[in-house]
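We'll take the fold, then the surface, then a couple of side-chain details.

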Amino acid sequence: MSLFPRAVREALRVGVVGLTVLLCVAWAQAQPTTSPVPYDAEHDARERARIEQERARAEAQYKQARADCYQRFRVNSCLTDARRARRVVIDRLRAEEIVLDDAKRLAEAQAQKQRVEARQAERARQEAAREQEDAERARSRTQPRGNVPAPANR
């Protein structure tokens with residue numbers, strides 16, 4: 001006989017497993033992202049393919065675990081454990097996808113910033129050239145022309 005009633009033992013077990021899952025997710029999200037790796041489209045594609053493969057493998061394992069659970073006496077507990085195991089894997093893969101998405105978003109933002117800066121520099125160069133042409137035209141208007149006589153005052 002146990003010290004705790006069955007419901008309390010089950011609640012403690014669920015609490016411990018839930019806490020473990022939360023700690024795993026928190027650890028995955030707390031990984032340092034202060035120095036992002038330069039974005040590489042090929043690496044991104046390979047990682048996303050790997051994540052999809054792992055997700056498919058986790059789903060297949062979950063389906064198999066569900067089928068196995070129905071062969072046991074404690075079906076609901078077994079199904080809960082199978083869902084929890086799948087959720088841990090799916091959450092880890094989602095955290096990896098978020099890192100990839102952040103890197104891609106950062107690279108796109110940097111590329112957009114460079115395009116904007118290049119356009120602004122081109123506009124500034126064109127504006128400076130236009131101002132220089134206007135200044136030269138203004139100077140040429142104020143200078144007397146060579147063979148044209150000055151207007152006589154009447």
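**A walk through the model**

Start with the cysteines: C69 is buried, and C78 is buried too. Keep in mind as we go that this is a predicted model. Those two cysteines are joined to each other by a disulfide, with an S to S distance of 1.9 Å. A disulfide is a covalent bond between the sulfur atoms of two cysteines. What is the handedness of the link between C69 and C78? It is left-handed, with -70° about the S-S bond. As for the total, the structure holds 1 disulfide.

Now zoom out to the whole chain. Its secondary structure comes to 3 helices and 0 strands, so reading from the N terminus you simply get α-α-α. Contacts tell you how the chain comes together: taking those between residues at least 6 apart in sequence, 73% join residues at least 24 apart.

How much of the chain counts as buried? Of its 154 residues, 12% do, and the buried pair C69 and C78 belongs to that share. The accessible surface of the chain is about 12900 Å², and carbon and sulfur atoms account for 56% of that area.

Last stop, the aromatic rings. If you go looking for aromatic pairs, the count is 0.

Terms used. Residues are numbered from 1 along each chain as its sequence is written. This is a predicted model: local features need pLDDT of at least 70, side-chain atom pairs count only at pLDDT 80 or more; totals for chains, interfaces and linings use all residues. Side-chain values use heavy atoms; hydrogens and water are left out. A disulfide is a pair of cysteine sulfur atoms within 2.5 Å. Buried means under 20% relative accessible area, exposed over 50%, partly exposed in between (1.4 Å probe, protein chains only). Rings of Phe, Tyr and Trp (its six-membered ring) pair if their centres lie within 6.5 Å; planes under 30 degrees apart count as stacked, over 60 as edge-to-face and the rest as tilted. Helices (H or I, at least four residues) and strands (E, at least two) are DSSP runs, numbered from the N terminus. Contact means heavy atoms within 4.5 Å. Accessible areas come from the Shrake-Rupley method with a 1.4 Å probe; for residues, only the protein chains shown count as cover.
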